Amino acid sequence: MLYGRTVEQARIETLLADAVAGCPGALVVRGEAGIGKSALLEYARSADARLLWVTGIESETELPFAALHVLLSPVLETVSELPRQQSDALLAALGFGSATPADRFLIGLATLSLLTELSMDGPLLCLIDDAHWLDQESADALLFAVRRLHSEPVTLIFAARDGERPFLAPGVPDLQLTGLDSAAAQQLVDAAATLAPSARDHVIAESGGNPLALLEIPRTLTPAQRAGTDTPLGYSLGGPEPPSSRVLTGFRERIRALPEDSRLCLLVAALDDSGHIEPVTRALPALGAALTDFAPAEQADLARVTSSGIEFRHPLIRTAARLACDVAERVAAHRALAGAVDDDRRAWHLAAVTTLPDEAVAAQLEDAAVRARRRGGQIAVSAGYARAAELSPAAADRSRRWTIAATAAYEAGLSERAADLAERANSGPPPAEPSIVAELARVRAGLAFEAGHPLEATRLLHDGVRVLTATAAHDRPTCLAMLGWAAIYAWSSRPHPDQLVLARRTEDLAAGMCGPEHAIHALARDVRLLLEGDRLAVNIAPHNLGDVADLPVDLHIVAAYLGFARGDVDGMYRDATRLVDACRTAGRIGRMPQAMMMLAIAELATGRHRAARATAAEGRRLAEDIGQHYWKYYLAGVAAWSAGVAGAEQECRALAAEAIEEGGMWMTGITWATYALAALDSGYGRYAQVLDRLDKSAAGPGKHAFVWRYAYPDYVEAAVRIGDRQRAHQALTRFTNWAKAIDQPWALAVLHRCHALLTDGDAADLYERALRLHARGDQPFEQARTELMYGEWLRRHNRRAEARTQLQAAMATFDLLGAVPWSERAAAELRATGISISDQGRESDPLASLTPQELQVVRLAATGATNREIGTQLFLSARTVGYHLYKAFPKLGVASRAELARYAMT
């Protein structure tokens, strides 16, 4: 029975009831040791739901997916029902199968899919006690799943102790437990012990309302103290220790009072993390003890021996067992366990008692880390290599192991940990292998960039490339990828005196490359020219880098950048689509925000506005989930542009503010945010503001951004609209040179449109030429803008019938793309030709009513993809996909998936 927890019990009951109603939930119950967290979890166990339970163990925090293994062990047979890629990744993570290492977020997706599958027959309840001791891989997988539950009857309740090792669960509600009030505390004490009123009052005062302290303090009292005839001096009111510390002290003293063999039995059980009884029984003989020596501990109500393992009555008893024994006993227990457990645990037990450099132990730790990598446990890889480095006698081995540890931490998203490990690797002699030196440079560069120091990142990449290229058989793809990022890092920086110097150095290092790889040198050259003030700089080197097989994913990302830089928007769309598909297929969820950012830009550039809006929203959500702040703010700027073209003013301004205020360390988010606000103003005819924004950007930190090449036509139109032909001609000159250099049909079409705006004579021929060029490409937004401006010109020249044809086509396209202000402009022009828009039965676009997530789901469902296939692509459960379709169908006025074909988006 729980005392004084009526409010907390109601919170649990509501959470469980919501799950039954199809509303999933999660909760973190927080508080000090003994405050009643586990008791609340026990209360939740009575729910009418399928139950999975795990308790975190301190000694398992370095073993990847240890907690997830325990939690999911009862349901492993269901894993086979998941998509093959997910089931392979999850089984490999749990130590089964032989799949190659998976992205840690793919394992999170597989966990989500498994929980969803298990909930198909009824509510599922997962209880995770002592969550502060979860290994990070298990915690990441569970929290990844929690954030993607939408309509599944799944509830996860975590219990985490306040203290030095916090359990971080952003976005998950907290329930903070405090001490019981005096009435509830009195009820609990009276139910558990017979105390005189004065003694009871002392216990309640000393306990601070901590339930465990209320139960344990009376055990420490003498009969006279219980009777109130002697002052309980050991627990004088106002003592400096918190209740949990006093309880821990009490447990420790009770363990010290046990016979030596019984105390050693508890110590071995406390140090073992296998969860099985066999390692304990195998280790005890080496200490002269046996399983029967647990009897005194059982009689003292400290622990219980079961067929599956040793159960401590409270987690604090496990800690107290270690504190109650001296160093010699702890060393002996670790050595005994080392001879009784598997290879991974053996390495860590030996490391725990090794204080001097020892290559044999270091090698065993490295082997354990290699096995952890096969399971996808990057955090465990980092921990293993880091401890191996500490025990390495040779300086070269130390540096190599520190570097690999830093790389694993970086790949796991632990930036602070990675920075510390990289600094240790960099402080000693350089590793003997050039590839390790270059890898350290790459990691340090990534950390510097994410910290807002892109030029420092560029320098570090240069250093790594020099080391690699000094060897005869250097890794060419890695060099190319590092140089591509060096160019992009230098370009993305705010203005700095060293920026141009570093851009030139990148160009020099990339010189001499031929074939598709020459594109990297062309990109470096273009960045250098832009920084030198050459606004007409253009990357005209043809390339098919994205078509080259077996290139690092970094080079495929650079290939998409190159398409945008040279105006090859169709090529960029092809490369970005292929990149996103490859990342999904390979389970590289950590790369997805970058890939989705490139795809969103490509979709915008090719007029796939609705798709771009959905892609950017999904990319931002994923970037936030996995802590990739740069890509989150970059995507915020891109999403702002999409919202601006759609005329969603409030959304556009909010996203732009996020990109500017939060992403201020980098140029890219600010640049796209500015461009977005200019696009918003352009759609609503605020031309003076368009010019003001673009003029300021030309002198601002992002003046060298590639995107301004795409903004020149907006500048020309705005300048013409306010009658400033001189400024229009200046912008037209820049755009003319670029458009002719890249020789892309869409750019030449827009160039003719700009000339038509500025001509004093008959502009019809220029508009017709532009439309013929548009017909060779697939950029519907730019074509519709040309049709709008042509229709305006025709109407002004009293050619109303011809104007209606152009304006109707423009309005239809703007409606399809969701470009509201542009559609309204076309409608206004049509009315001016004498057509009543309402008489034509103009309908609102039902796609505009969908959320970005619903739009993504509908877009894929329209292609014939199943719910499971859609879920795999969007990192959602199949059930959540079904929920989004259920919400979308009435909005679209359809009753079946077959009817969605009409909404397939280009």
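**Briefing on the predicted model**

In the largest nonpolar core, which has 192 residues, the members that touch the most others are Leu90, Leu156, Phe158, Phe167, Tyr561, Tyr634 and Trp672. The greatest contribution to this core comes from helix 31 (residues 629-646), with twelve residues. The model is predicted, and the mean pLDDT of the protein chain is 86. The points below are grouped by topic.

**Nonpolar cores**

- In soluble globular proteins, nonpolar side chains tend to be buried together.
- Leaving out residues up to four places away in sequence, Tyr561 touches Trp485, Ile488, Trp491, Met597, Met598, Trp631 and Tyr634.
- Another core, of 52 residues, lies apart from the largest one, and its members include Ala33, Ala193, Leu284 and Leu302.

**Cavities**

- Rolling a probe the size of a water molecule over the atoms shows where empty space is left.
- The model has nine cavities of 30 Å³ or more.
- The largest cavity holds about 300 Å³ of space.
- This cavity is lined by 23 residues, of which Leu604, Trp641, Tyr675, Tyr710 and Glu782 are the closest to its centre.
- At least two lining residues of the largest cavity come from each of helix 29 (592-605), helix 31, helix 33 (667-683), helix 35 (708-721) and helix 39 (780-796).
- Helix 33 gives the most to this lining, with four residues.
- By residue class, the lining of the largest cavity consists of 16 nonpolar, four polar and three charged residues.

**Confidence**

- In the protein chain, 92% of the residues reach a pLDDT of 70 or more.
- Over residues 232-240, pLDDT stays under 50, and for these residues the model has 16 contacts beyond four places in sequence.
- Where pLDDT is low, the predicted coordinates should not be read in detail.

**Positive phi values**

- Most residues other than glycine have a negative phi, and most peptide bonds are trans.
- Phe65 has a positive phi, near 65°, and is a residue other than glycine.
- The position of Phe65 is in the loop between strand 2 (50-55) and helix 3 (66-72).
- Phe65 has a relative accessibility of 1% and therefore counts as buried, the limit being under 20%.
- Asn798, also a residue other than glycine, has a positive phi near 60°.
- The loop between helix 39 and helix 40 (800-817) contains Asn798.
- With a relative accessibility of 64%, Asn798 counts as exposed, because that term applies over 50%.

**Selected residues in loops**

- Pro153 lies in the loop between helix 6 (136-146) and strand 4 (154-161).
- Is Pro153 buried or exposed? Its relative accessible area is 7%, so Pro153 is buried.
- Ser119 and Pro153 are 34 residues apart in sequence, and their C-alpha atoms are 6.1 Å apart in space.
- Setting aside neighbours within four places in sequence, Pro153 is in contact with Ala19, Ser119, Gly122, Pro123, Leu124 and Arg879.
- Ala705 is placed in the loop between helix 34 (687-698) and helix 35.
- Ala705 has a relative accessible area of 6%, so this residue is buried.
- Which residues does Ala705 touch, not counting those up to four places away in sequence? Ala705 touches Trp491, Met667 and Thr671.
- Between Ala705 and Leu127 there are 578 residues in sequence separation and 50 Å in space, C-alpha to C-alpha.

**Selected residues in helices**

- Val327 belongs to helix 16 (residues 327-338).
- Val327 has a relative accessibility of 53% and so counts as exposed.
- Val327 and Val353 are 26 residues apart along the chain, with their C-alpha atoms separated by 9.5 Å.
- Thr281 is in helix 13 (residues 278-283).
- Thr281, at 31% relative accessibility, counts as partly exposed, because this value falls between the limits of 20% and 50%.
- Thr281 and Ala269 are twelve residues apart along the chain, and a distance of 9.5 Å separates their C-alpha atoms.

Technical notes
Residues are numbered from 1 along each chain as its sequence is written. This is a predicted model: local features need pLDDT of at least 70, side-chain atom pairs count only at pLDDT 80 or more; totals for chains, interfaces and linings use all residues. Side-chain values use heavy atoms; hydrogens and water are left out. A nonpolar core is a set of buried Ala, Val, Leu, Ile, Met, Phe, Trp, Tyr and Cys residues joined through side-chain atoms within 4.5 Å. Buried means under 20% relative accessible area, exposed over 50%, partly exposed in between (1.4 Å probe, protein chains only). Contact means heavy atoms within 4.5 Å. On a 1 Å grid over the protein atoms alone, a cavity is a set of points where a 1.4 Å probe fits but cannot get out, and a pocket is an open set with protein on both sides within 12 Å along at least five of seven lines; lining residues have an atom within 4 Å of a point. Grid points are joined across faces, edges and corners, and a volume is the space filled by probe spheres set on the points. Ala, Val, Leu, Ile, Met, Phe, Trp, Tyr, Cys and Pro count as nonpolar, Asp, Glu, Lys and Arg as charged, and the others, Gly among them, as polar. pLDDT is the predictor's confidence in each residue, from 0 to 100.
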